[in-house]
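Please look over the sequence and the structure shown below.

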Number of protein chains: 2
Amino acid sequence: MPSPRFALATKNPGKIREILEICADWPVEWILASNDPSWPQVEETGETYLENARLKAKAVAAHTGLPALADDSGIEVDALNRGPGPLSARFAGPEATDQENLLLLIKGIREIRAENRGARYRCVVVCAWPDGAEVSAEGICDGRLIAEPRGEGGFGYDPIFVPQGQDRTMAELTHEEKHATSHRGRAFRSIREAVLHAP
Amino acid sequence: MPSPRFALATKNPGKIREILEICADWPVEWILASNDPSWPQVEETGETYLENARLKAKAVAAHTGLPALADDSGIEVDALNRGPGPLSARFAGPEATDQENLLLLIKGIREIRAENRGARYRCVVVCAWPDGAEVSAEGICDGRLIAEPRGEGGFGYDPIFVPQGQDRTMAELTHEEKHATSHRGRAFRSIREAVLHAP
């Protein structure tokens with residue numbers, strides 16, 4: 001029996017790798033376009049993770065005629081009023097690189113006393129079907145920030161984020177360790193049944 | 001106009017990420033199955049890279065009805081009579097992990113004088129169409145081995161492989177630097193035109 005096909009509404013190869021690893025036991029075929037100009041370019045204009053993930057998933061479901069999965073995620077720093085949150089990917093500006101965002105947050109963190117560096121990663125994943133049906137799920141990973149980046153795995157703010165119960169940063173964990181604890185791992189495991197057993 | 005679809009005949013998320021990054025400017029949609037049990041499980045029984053890549057590409061082209069791309073690659077150490085070559089992924093045994101293979105090669109390298117540690121990475125990529133048509137291309141990255149692993153990027157033998165003209169190991173390069181010089185980057189850039197402009 002052929003497997004069901006799902007479109008993956010992201011063009012970020014690092015994210016694609018993580019999702020494929022997290023969802024390695026999903027009996028599905030994935031359709032994706034790493035940089036196909038015919039795929040919709042979605043502006044992340046929403047104010048929430050859910051709105052942004054939904055915009056991406058719906059656009060790709062409409063384009064491909066397949067159910068489409070998209071996630072939006074960010075880091076929430078207690079001392080920054082839970083920001084940058086949904087703006088995490090554009091913290092240092094609309095075209096900012098991961099490295100620029102990271103350096104800007106390190107600068108901010110150095111002004112904050114060590115005991116006030118609580119933070120969490122949050123990920124919202126949406127599956128949108130071409131007929132308008134939709135499910136979503138959220139995953140949270142609590143932790144704290146450090147001012148000296150460590151580790152080369154992962155991406156985004158991983159080198160300065162230490163998950164609760166860990167001594168190592170998210171960027172120092174193995175892929176398996178990261179997915180077991182990460183916001184993205186939790187979100188995709190949480191949505192699994194609703195996606196695979198949709199009516 | 002919808003983009004052409006190609007199946008990617010690999011289940012290795014690290015390889016998938018690299019191929020998507022290398023082929024970011026290919027105007028195509030990718031179909032892949034990170035671990036779909038309905039996709040063919042291909043035993044890499046060939047004696048050459050080309051045979052192994054062909055086995056994988058043909059099996060997935062037959063299963064999906066789409067043109068399918070597969071690569072096979074390995075490292076060739078001068079002092080080991082150009083081995084392990086196509087057996088690189090199974091150097092320490094049929095079920096060996098990347099880490100076990102790496103440790104075994106490091107052990108071998110320590111017996112070899114520094115001036116005799118020349119090696120190269122080789123990658124052969126095949127695109128097979130369901131009607132039996134096929135194209136292939138090869139990419140080589142020359143370099144030398146070191147006995148002390150360095151860096152956390154990449155995979156396989158990257159932490160002990162220093163590409164020609166570099167001071168850093170393949171695992172210390174950024175993704176962009178690695179793809180610009182790597183055997184896989186060269187192979188996929190080489191096959192690009194034949195795949196995208198097939199008759």
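## Cysteines, cores and symmetry

Over all chains the count of disulfides, meaning pairs of cysteine sulfur atoms within 2.5 Å, comes to zero. This is a predicted model, in which local features need pLDDT of at least 70 and side-chain atom pairs count only at pLDDT 80 or more, while totals for chains, interfaces and linings use all residues. Residues are numbered from 1 along each chain as its sequence is written, chains are lettered from A and ligands numbered from 1 in the order in which they are written, and side-chain values use heavy atoms, with hydrogens and water left out.

A nonpolar core is a set of buried Ala, Val, Leu, Ile, Met, Phe, Trp, Tyr and Cys residues joined through side-chain atoms within 4.5 Å. The largest one has 42 residues, and those with the most contacts inside it include A:Trp26 and B:Trp26. Apart from this core lies another of 28 residues, among them A:Ile31 and A:Trp39.

Chain A can be laid on chain B with an RMSD of 0.0 Å by a turn of 180° and a shift of 0.0 Å along the axis, superposed by least squares on the C-alpha atoms of residues with pLDDT of at least 70 in both. The two copies are thus related as by a two-fold rotation axis, and in chain A the C-alpha nearest that axis belongs to A:Ile31, 2.3 Å away.

Methods
Buried < 20%, exposed > 50% of the residue type's maximum accessible area, 1.4 Å probe, protein only.
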